[in-house]
Amino acid sequence: MSTVGAGFRLVRAGWIMVREGVVAALPGDQLWGLPKLGWRMARLFTRRSALRLERSERLADAVARLGPSYVKLGQFLATRPDVVGPEIAADLAALQDRMETFPRAEAVAAIEDSLGRPIDELYESFGEPVAAASIAQVHPATVMRDGVPVQVAVKVIRPGVRRLFLRDLESFFLAARLQERYIPATRRLRPVEVTEGLAQTTKLEMDMRLEAAALSELAGNTRDDPGFRVPSVDWERTGRDVLTLEWIDGIKLSNVEGLCAAGHDLKALAVTLIQSFLRHTLRDGFFHADMHPGNLFVDPAGDIVAVDLGISGRLGRKERRFLAEILYGFISRDYLRVAEVHFEAGYVPHRHDVTAFAQAIRAIGEPIHGQPAETISMARLLTLLFEVTELFDMETRPELVLLQKTMVVVEGVARTLDPAFNMWRAAEPVVGQWIAANLGPRGLLSDAREGATALLSLARHAPELAHRAERLSREIDLMAENGLRFDEATARAIGKAEARHTRSGRIALWVIALVLIWMAWKLT
């Protein structure tokens, strides 16, 4: 019955999207057949008032009606322009994660249940909520430290949000499975895998301890960095449903007039922001992936403080080297090297010609060198590069897409502070230092040490590996002789799973069809 319920909820969501004009705002001129008919029908059912709104406003109204789960879905898809397209991703990125606050009493109950102590023992004072989002809301509070009251921010999970998200997640998975099954052209986008990524990301975001751990890790990485920090965590008052951290008294980076009035150097702040982000990405391989202006403050000391680390990204050593070599290759106009890096990393299949790929990359790089440096966007460069790599069957790398999306946001914030911002000049010291340390002689020595360690580990496990190889060889010989066989229980389980999957899909389609007929009848 869960599939039937998911089908009903999916139809309701689709109906709201239609009524709020989201479907009508999609580009449907190039469609044909049934999709074209569906798009035209959606335009007929759209509310007249919605037709006067921009697409981003229609999305915001629809998401507000659908609830917190769809806010997170929109925010997640905003980080995947490879799935929804750059225009839709830009509209989704404009969604504001603002919800109605829930009562203070419910927040107190959640804190006491999570930490196992009365609220009066935990905080000297605990105020009314000052901000609320889809997953949590923030309260001001004070704690005593060495006999001195200190103001803190307390982030509390919204009651019932986990149950609500898990319920809506069934609808998301049903939509993804139907899409993969009945729209073959979208299978390359892996909708089920994308939905699994959303589920994992949101589950992590709903555990405040994990956000606290991410803040602690970023604080350790940036301890000696100039001009950037994150709030400190109060671990004693942090649990699964509550996060207590330093209260930040500062000016949002979006408040340019306020920053000027406070005497801050906007050009220096833009440079600090970009260099900090590149340090986190290249040096540490761990970066804040939600650095929009609302999450960035400037404290009285002039340091940038990043808050709300619910979304973060990681890059392995291979991906960091890939990124650095690409940037360096574009700067030096060595397009063949940029192409070779893609092949060496295994991102582009070897059946393609590396020189043809280098020619396509040259088409991106050469126009850049004819422009003033302050007009060149590093984020735009990566966007164009990803578009070209699609032509050469480069498989989507979610971590690189998230990096590119974050870089678009960070570079946009920097240009808001300084319209003539020179991205390349600001990035050169960080990128150059990393390249010297990792691709020069020191990098070769580091690679040699890692290689020697790997060889030593392989030698240590050689007897066990030889035993496994011998056993695998025997099993392959038996399989070649007797064929691949399932035992009776396995065969029955496979048959039941396939029958259940087929039956669930058919039930969901019938439910959707019946509900649509009912809605059409009600409107006539």
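The following legends describe close-up views of a predicted model. Local features need pLDDT of at least 70, side-chain atom pairs count only at pLDDT 80 or more, and totals for chains, interfaces and linings use all residues. Residues are numbered from 1 along each chain as its sequence is written, and side-chain values use heavy atoms, with hydrogens and water left out.

**View A. Positive phi at D146 and D308.** Most residues other than glycine have a negative phi. D146, although not a glycine, has a positive phi of about 55°, and D308 has one of about 60°. D146 is placed in the loop between β3 (136–145) and β4 (148–157), strands being DSSP runs of E with at least two residues, numbered from the N terminus. Its relative accessibility is 82%, so D146 counts as exposed (over 50% relative accessible area; buried is under 20% and partly exposed in between, with a 1.4 Å probe and protein chains only). D308 lies in the loop between β10 (304–306) and β11 (312–314) and is partly exposed, at 28%.

**View B. Helix α19, residues 398–417.** Helices are DSSP runs of H or I with at least four residues. From first to last C-alpha, the 20 residues of α19 reach 29 Å, close to the expected 28 Å, the expected span being 1.5 Å times one less than the number of residues. Because 14 of its 20 residues are buried, α19 is largely enclosed by the rest of the structure.

**View C. The aromatic pair F277 and F287.** Rings of Phe, Tyr and Trp (its six-membered ring) pair if their centres lie within 6.5 Å; planes under 30 degrees apart count as stacked, over 60 as edge-to-face and the rest as tilted. The count comes to seven aromatic pairs. Among them, F277 and F287 have ring centres 5.8 Å apart and planes at 80°, so this pair is edge-to-face. It links F277 in helix α14 (residues 266–284) with F287 in strand β8 (residues 286–288), 10 residues apart. Both F277 and F287 are buried.
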